[in-house]
Amino acid sequence: MKKLFIILSATLVIACNSSKEKNKVDKNTSKEMISENNKEQINDTVAYEESVMLLGKANRNGFQMDAFKDWFNTGYANYEVDSETVEKLKPLLKDITITVFMGTWCEDSQRETPHFYKIIDETGFDESKLTLITVSEEKTTPQGFEEGKNITNVPTIIFYKNDKELGRIVEYPIESLEKDMLAILSGKEYKHAYAE
């Protein structure tokens with residue numbers, strides 16, 4: 001009986017260690033973070049393939065988890081912002097709110113999201129007016145944040161003024177993120193990649 005207990009204990013320890021190694025994320029990854037302002041759950045992770053993915057409301061801090069920081073920080077650092085277009089964007093972003101739907105599992109999201117954050121940093125955009133929603137491969141969240149938003153591809157970046165949608169960039173920009181944002185915010189005719 002004692003030998004059986006030792007064998008079971010050893011098996012459990014080995015299984016836990018291999019599971020920890022498999023996910024390759026820091027100890028804070030599986031802990032949800034709570035927003036101090038509204039006490040809502042953010043940066044929650046779920047298992048995905050050999051790692052994890054963010055699912056639900058998130059923020060920039062979520063991208064600093066071990067599972068995401070390499071692609072986010074590299075994409076952010078290496079992106080060269082179109083400064084001329086950014087200057088034109090600054091006054092247009094004053095009364096704007098933005099919702100971004102993205103998947104941490106998605107290559108397009110991994111490419112565009114760090115670039116988007118660098119652009120808004122360069123414009124001085126008030127990040128409290130940004131809502132980041134991370135979705136599953138089915139483009140869903142447990143809370144249903146995607147409902148009624150027609151999210152078919154990610155990333156989808158939606159721009160609002162007075163709660164009215166002005167336009168959206170879907171999966172990839174037509175010209176560049178900066179120029180597509182400028183077209184949307186200045187009221188020019190703009191069709192995203194999947195517009196009919």
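Are Phe63 and Tyr117 buried or exposed? Keep that question in mind as you turn the model, which is a predicted one. Phe63 is buried, and Tyr117 is buried too. For Tyr117 the relative accessible area is 2%, and because buried means under 20%, this residue counts as buried.

Now look at how these two residues sit together. The ring centres of Phe63 and Tyr117 are 6.0 Å apart and their planes meet at 80°, so this is an edge-to-face pair, since planes over 60 degrees apart are given that name. Phe63 belongs to the loop between β5 (56–58) and α2 (69–78), while Tyr117 belongs to helix α4 (residues 107–123). The two are 54 residues apart, and their pair links distant parts of the chain.

Tyr117 has another partner to find. With Phe72 it forms an edge-to-face aromatic pair, with 5.8 Å from centre to centre and 75° between the planes. Phe72 is in helix α2 and Tyr117 in helix α4, so this pair ties together parts that lie 45 residues apart in sequence. Phe72 is buried as well, with a relative accessible area of 3%.

Ring pairs join Phe63, Phe68, Trp71, Phe72, Tyr76, Phe116 and Tyr117 into a cluster. The count of aromatic pairs in the model comes to nine.

Leaving aside residues up to four places away in sequence, its contacts are Leu54, Phe68, Lys69, Trp71, Phe72, Met102, Thr104, Thr113, Tyr117 and Leu132.

What surrounds such a residue? In soluble globular proteins, nonpolar side chains tend to be buried together. Here, the largest nonpolar core has 34 residues, and Phe63, Ile98, Phe116 and Phe159 are those with the most contacts inside it. At least two residues of this core come from each of β4 (51–54), α2, α3 (83–92), β6 (96–102), α4, β7 (130–134), β8 (156–161) and α5. Helix α5 gives the most, with six residues. There is also a second, separate core of 11 residues, with Phe101, Trp105, Ile133 and Val154 among them.

Finally, let's visit the surface. Tyr172, Ile174 and Tyr194 make a nonpolar surface patch of about 290 Å². Tyr194 is found in the segment after α5 (177–185). Its relative accessible area is 39%, so Tyr194 is partly exposed, whereas Phe63 and Tyr117, where our tour began, are buried.

Conventions
Residues numbered from 1 in each chain as written. Predicted model: local features only at pLDDT ≥ 70, side-chain atom pairs only at ≥ 80, totals over all residues. Heavy atoms only, no water. Patch = residues over 30% accessible without salt bridge, like charges linked within 9 Å, V, L, I, M, F, W, Y side chains within 5 Å. Areas by Shrake-Rupley, 256 points an atom, 1.4 Å probe, with all protein chains shown as cover. Salt bridge = Lys/Arg side-chain N within 4 Å of Asp/Glu carboxyl O. Helix = DSSP H or I, 4+ residues; strand = E, 2+ residues; numbered from the N terminus. Buried < 20%, exposed > 50% of the residue type's maximum accessible area, 1.4 Å probe, protein only. Phe/Tyr/Trp six-rings, centres within 6.5 Å; stacked < 30°, edge-to-face > 60°. Core = buried A, V, L, I, M, F, W, Y, C linked by side-chain atoms within 4.5 Å. Contact = heavy atoms within 4.5 Å.
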